[in-house]
Structures are given as structure tokens and as C-alpha cells.
Amino acid sequence: MTGLGEAFGAAWVLVTGLDPGLARIVLLSLQVSLSAAVAATLIGLPLGAAIAVERFPGRQLLIVLLNALMGLPPVVVGLLIYLLLSRAGPLGSLGILFTPEAMVIAQTVLIVPIIAALSRQTIEDAWREYSEQLRSLGARRLRAAWTLIWDTRFSLLTILLAGFGRAAAEVGAVMIVGGNIDGVTRVMTTTIALETSKGDLPLALGLGIVLIMLVIVLNALAALIREVAQRRYG
Amino acid sequence: MLPLALDQLTFSVGATTIINCISAKIEAGPRTIILGPNGAGKSVLMRLCHGLLEPTAGHIAWQGARNRDVRRRQAMVFQRPVMLRRSALANVVYGLQLAGKSRRESTLRAMDVLEVVGLEHQAGRPARVLSGGEQQRLALARAWALGPDVLFLDEPTANLDPASTQDIERIIQAIHASGTKIIMTTHNLGQARRLGDEILFISNGRLMEHTPIDRFFKEPVSSEAAAFIKGELPWH
């Protein structure tokens with residue numbers, strides 16, 4: 001067991017030296033979580049926009065549910081997707097359990113509520129401000145919804161970043177449906193969990209450093225987008 | 001499409017009656033001012049006429065216009081202009097494209113109108129960074145560009161300084177001169193005098209008078225209107 005200082009030193013060498021093993025894990029992580037973020041956006045954004053501008057029975061209940069699902073425990077999502085995709089499960093014939101595809105699906109399920117709930121809030125606030133004007137100009141629902149999405153695009157972008165950040169940082173879902181197979185489904189968070197329990201601290205710490213940097217970069221990006229948009233578009 | 005006939009128009013929210021059985025005929029031509037104290041129901045009446053609110057009882061009828069065309073042939077400018085996060089020009093183009101105009105046609109028309117309201121040099125600037133007065137002029141341009149038969153204006157200068165107010169009033173006169181019917185709410189007597197030809201005086205959701213402007217100021221019929229003109233609070 002190496003000392004903490006040595007572990008940090010070794011981790012730093014791995015990160016700065018672009019160690020191929022570490023790079024492959026980071027790359028797969030980004031690939032999986034980015035795919036999940038894109039898929040979740042394609043589902044969550046229209047869903048959020050529809051709930052924002054439509055009035056239907058059970059709407060309030062759906063909003064409460066969606067907000068509650070933002071705090072969905074990743075392991076539970078992992079378990080559910082595992083049951084769906086396992087050989088005996090309803091989608092077992094796809095044969096994608098323990099593949100990156102399964103991980104993308106699990107993370108998508110995890111962050112759809114986040115993207116849907118937050119974009120619902122953003123778009124509904126805009127709708128409250130714009131609705132009379134848009135209706136006066138003769139915009140129908142669909143057109144109005146699209147206008148609102150376009151007008152709040154910078155706020156929505158930061159929501160997507162939040163979703164991506166959540167996906168990249170979770171461990172429970174990908175661990176269960178991915179199986180943490182070396183070179184195939186091993187991502188940053190699952191590797192950290194495994195290597196820590198094995199006692200290989202440099203790799204775990206190195207990935208930890210990358211993960212934290214990623215989170216910082218994402219937040220800086222979100223702040224920058226807000227700032228620029230505010231200055232340019234008011 | 002005028003006259004606009006209001007028949008026992010009523011609008012309530014829960015137990016509160018905001019517009020109480022108003023009947024009136026608004027003819028083409030004269031600039032109509034809907035006057036009254038704050039909370040009288042002016043804005044709600046206007047929204048009912050424009051179709052943004054559904055009456056709880058009574059009817060609104062536009063002469064000889066099919067329902068589908070009615071919205072197309074009217075426009076509204078709100079007390080607080082709502083600008084989209086895009087350029088001033090794009091805001092005007094947006095309305096025109098919703099009305100079915102091509103991009104090229106819309107852009108040409110939008111540039112013309114921006115020039116008339118004195119915003120041609122701001123065309124490329126984001127609408128939301130314009131000053132309050134400029135935004136309201138832009139809102140007028142956006143409405144005017146549509147070439148409406150009727151233009152509703154809901155307290156268009158309530159939040160503006162005197163210079164901007166003057167600009168807005170000049171533009172409203174120009175829109176009137178171009179043949180568009182003006183229907184405007186205000187609680188400002190000076191503005192009513194400057195811009196109005198006839199007055200609909202509303203108090204507590206009821207139509208108290210519907211008279212030519214001179215008569216309204218010289219010999220108001222209702223005690224509420226007389227009190228309002230004198231600058232007294234009508235409910236005291």
C-alpha cells in the first residue's frame with residue numbers, strides 16, 4: 001500500500017502523461033455519458049416543452065412526479081434496466097446487457113427526468129411572459145413551443161450540461177448494467193470504485209482528478225454561457 | 001370588419017365580476033379610448049375584444065368577418081413590450097412570418113416599418129437590450145407591420161418617460177392616419193384628449209359612458225366620470 005503522497009504523485013503522472021489505459025476509460029465515459037445526454041435531451045426537452053405549454057388533467061401530478069424522479073437513485077435505475085435487459089427480461093432478446101449501449105440506456109433513463117423537469121420550469125416561465133404576445137401574433141401551440149425553446153436556448157444548454165454532469169458522475173447504474181468489464185464497459189466511476197477496493201490508488205485518484213476537472217469545466221462552461229447570453233441578448 | 005359589437009359582455013373569475021354586462025358598438029374611423037381608473041377592467045375588456053380571453057357570458061361580433069380571419073386582421077401592443085431574444089428586425093419578421101409572409105417579403109416590410117418608427121439603425125441590435133421606449137416603438141412596428149384593420153393598445157406609454165411617450169403618440173397618430181382603427185386604454189386624461197376621438201368610460205367593470213371626446217370632458221353624464229375628470233377618486 002503506497003502512501004497518500006506517492007499515490008497522488010503517480011496519479012498526476014498518469015493524468016499528465018495521458019496514460020493509454022486511463023485515456024481509454026475517460027474516452028468511454030465521455031462517449032457513454034454524452035450519448036445519454038443527447039438521447040435524454042431528445043426525449044426530455046420536447047416532453048418538458050409539452051408539459052409547459054399544454055393544459056391537461058393530471059398535469060400537476062406529472063410535474064410533481066417528474067420533479068421527484070430527478071432524485072432517482074442510480075442503483076435503482078440500474079436494477080430496473082438490468083431486469084429489462086437480462087436474458088429472461090422483456091428486452092433480453094436484444095442481448096445488450098453488459099455493453100456500452102446498456103449503459104447509455106440506463107444513464108438516459110436516469111437523466112430524462114432532470115432535463116424534462118428543469119426545461120419544463122424554464123419554458124413555462126418564458127411561456128408565462130410570452131403567451132399573450134405570441135397568441136396575439138397568431139402563434140399556434142407547436143410554433144409557440146418552438147419559439148420558447150429557441151428563446152431560452154442558453155438556459156436549456158446549461159440544463160443539458162447539468163444532465164451530462166450527473167450522468168458522468170454516477171456509478172450505480174453503469175456498474176449494474178455495464179458489469180465493469182475491463183476494456184469494454186469500464187468507465188471512470190466504476191474503475192474508481194473497483195481500483196479503490198483493490199488498493200490501486202494511483203489509477204483511482206487519477207480518474208478522480210479527471211472527473212473533478214470535468215465537473216469544474218462543465219460548471220465554468222455553464223456560467224460562461226449564461227454570462228455571454230445575458231450580455232448579448234438581455 | 002368593423003363595427004365591433006359587444007353584446008352584454010361579461011367576464012368573471014370565480015365570484016368576482018370584472019366586466020359586467022357591457023354592450024357597445026365600436027365603429028370604424030374614430031380613435032376609441034377606453035378610459036377609467038386602475039382596476040376598472042380596461043385591460044380585461046381589451047383582451048376580450050382581441051380574443052385573448054373568453055367571455056363568461058355575452059358575445060363579441062366583428063362585422064362580416066369569419067372567425068378564422070378575425071385574429072389576422074387585428075394586432076395588439078401591450079403595456080410591457082415582450083421582445084424575443086433576437087434582433088429588433090427579427091422580432092418584426094417573426095410576426096410577419098407567422099402571418100404567412102415569405103422571409104424576403106417579411107424582411108423588406110420589416111425594414112420599412114423600422115424606418116418609420118425611427119429604429120432603422122437599431123435593426124441588427126438584440127431587441128432586449130434596447131431602451132424601454134425603443135422596445136415599445138419596436139412593439140408598435142411589429143404590430144403595424146402586419147397591416148391590421150384594428151390595433152389594440154393597452155396603456156402603451158404607462159412605463160415611459162415624456163420624450164418616449166411623445167414618440168409613441170406620434171407613431172400612434174401615423175398608424176391612425178394610415179387607416180388602422182385605434183382602440184386604446186389609458187388612465188391618463190391628457191393622453192385621452194390628445195389621441196382620442198371618442199371615449200368609453202369604464203368604472204367597476206361597467207360601461208358608464210360612450211361619447212365623443214369633447215362632450216365627455218364638457219358634460220360627463222355619470223357622476224363617476226365627472227369625479228374622474230376632476231381628479232377625484234370616484235369611490236370616495
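Me: What is a nonpolar core, and which residues touch the most other members of the largest one here?
Reply: A nonpolar core is a set of buried Ala, Val, Leu, Ile, Met, Phe, Trp, Tyr and Cys residues joined through C-beta atoms within 7 Å. The model is predicted, and its largest nonpolar core has 132 residues. Those that touch the most other members are A:A106, A:I115, A:V177 and B:A141.

Me: Which helix gives the largest share of this core?
Reply: The share in question is 18 residues. They come from residues 100–136 of chain A, which form helix α5.

Me: Which residues is A:V177 in contact with, leaving aside neighbours within four places in sequence?
Reply: A:V177 is among the core residues that touch the most other members. Its contacts beyond four places in sequence are A:G78, A:I81, A:Y82, A:L85, A:L97, A:A102, A:M103 and A:A106.

Me: How are α1(A) and α10(A) oriented to each other?
Reply: Helix α1 (residues 4–16) and helix α10 (residues 201–233) of chain A have axes 8 Å apart, at an angle of about 60 degrees. Angles of 65 to 115 degrees count as roughly perpendicular and those under 35 as roughly parallel, so this pair falls in the remaining class. The two helices are therefore oblique.

Me: What is the handedness of the crossing of α1(A) and α10(A)?
Reply: The two helices of chain A pack with their axes 8 Å apart. Where α1(A) passes α10(A), the crossing is right-handed.

Me: How many residues does each chain give to the contact between chain B and chain A?
Reply: On the side of chain B, ten residues are nonpolar, two polar and four charged. The totals are 16 residues from chain B and 14 residues from chain A.

Methods:
Residues numbered from 1 in each chain as written. Chains lettered and ligands numbered in written order. Predicted model: local features only at pLDDT ≥ 70, side-chain atom pairs only at ≥ 80, totals over all residues. Axes fitted to C-alpha atoms, helices over the stretch in contact; angles between N-to-C directions. Helix = DSSP H or I, 4+ residues; strand = E, 2+ residues; numbered from the N terminus. Parallel < 35°, antiparallel > 145°, perpendicular 65-115°, else oblique. Left-handed = near helix turned anticlockwise from the far one by under 90°. Buried ≥ 20, exposed ≤ 12 C-beta atoms within 10 Å, placed from the backbone. Contact = placed C-beta atoms within 7 Å. Nonpolar A, V, L, I, M, F, W, Y, C, P; charged D, E, K, R; others polar.
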